[in-house]
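Opening the notebook on this one.

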Amino acid sequence: YDGTELYVKVAGRGPVCLFVHGGPGQGSLSFERMGGDSLEAFLTMVYLDQRGSGKSGNATDYHLDRVVQDIEDVRRQLGVDKPCLIAHSFGGILAVAYAQRHPGHVSALVMANTTLHFMGDEQRRMQIHFVSTLLKTPSLDVAEDVSGEALSAAHARARAALQASGNGYRFLSDDKATVRTMSELDESYPRTIDYGMAVVTRPDDLPEYYRDYAPTTADIRVPVLILSGRRDHAVGPDHYKTFRFPHQRVVQLE
């Protein structure tokens, strides 16, 4: 309610589930068209583009508390007492933050390949190791104790090498066609990525997004379904092992 216009689409029937997209700044359309719409046969899906993302308006305030408040504002506007939150990738941080701040207004969480430590050292080392192995270039790899600026530089080199090899899509999937379809959907309409740019380029202004939220999950009491891809090298195939939800079920997908 700070004047930022948010895009919200409601479709389907059944219990209400609000989709918390990743990116940061990706928008909800590619998820809706690549699987979310199939859930509408038995769920009422709420597709929300976060401020500065997709079809929503840009904003001056991108702090975590404000973005979480947007989710709460949408819940109140829709008159839904306890929606389920389906979070993807970076959206896991938002979903966990919402569940911590509004525990009485969440029925369950679905964590689909979610990160709770955005661009943490372990994630960057994992990606460096993956690129080094994939490209058969041991010189790109780093030791487990490398951190700080040295790790950041090594990570940048690995990402550049992956892109130059034509395998940039491999962090997300082994299937290039799937990533192409997602990209085509995301680029099929005028959209903003202002939120994502703010998070990525202004870490000193938005430090809350770079903290490790996995330990705090021990305090979230709702049922949690964790979906983890064995070949997900964006978040990492083992990142879910850091989660501590008391009532969690893990399903690993190929």
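Below are my entries on a helix, a surface patch and the cysteines.

Entry one, a caution to myself: this is a predicted model, not an experimental one.

I find H2 at residues 64-78, so 15 residues by the helix definition used here. From first C-alpha to last, H2 reaches 22 Å, close to the 21 Å expected at 1.5 Å a residue. I looked up which of its residues are buried, and the list is Leu64, Arg66, Val67, Val68, Asp70, Ile71, Glu72, Asp73, Val74 and Arg75. What covers them? I noted that the cover includes strands S1, S2 (16-20) and S3 (44-49), plus helices H3 (91-101) and H7 (194-201). After H2 comes Gly79, with a positive phi near 70°.

Entry three, the surface patch. I see Val8, Val10 and Leu78 forming a nonpolar patch on the surface, with about 210 Å² of accessible area together. Val8 sits in strand S1, residues 7-12. I checked Val8 on its own: its relative accessible area is 32%, so I put it down as partly exposed.

How many disulfides does the structure hold? I count 0. Cys17 is in no disulfide, and its nearest cysteine sulfur is that of Cys84, 3.4 Å away.

Definitions and conventions
Residues are numbered from 1 along each chain as its sequence is written. This is a predicted model: local features need pLDDT of at least 70, side-chain atom pairs count only at pLDDT 80 or more; totals for chains, interfaces and linings use all residues. Side-chain values use heavy atoms; hydrogens and water are left out. Patches are made of residues with over 30% relative accessible area and no salt bridge: like charges are joined within 9 Å, nonpolar side chains (Val, Leu, Ile, Met, Phe, Trp, Tyr) within 5 Å. Accessible areas come from the Shrake-Rupley method with a 1.4 Å probe; for residues, only the protein chains shown count as cover. A salt bridge is a side-chain nitrogen of Lys or Arg within 4 Å of a carboxyl oxygen of Asp or Glu. Helices (H or I, at least four residues) and strands (E, at least two) are DSSP runs, numbered from the N terminus. Buried means under 20% relative accessible area, exposed over 50%, partly exposed in between (1.4 Å probe, protein chains only). The expected span of a helix is 1.5 Å times one less than its number of residues. Contact means heavy atoms within 4.5 Å. A disulfide is a pair of cysteine sulfur atoms within 2.5 Å.
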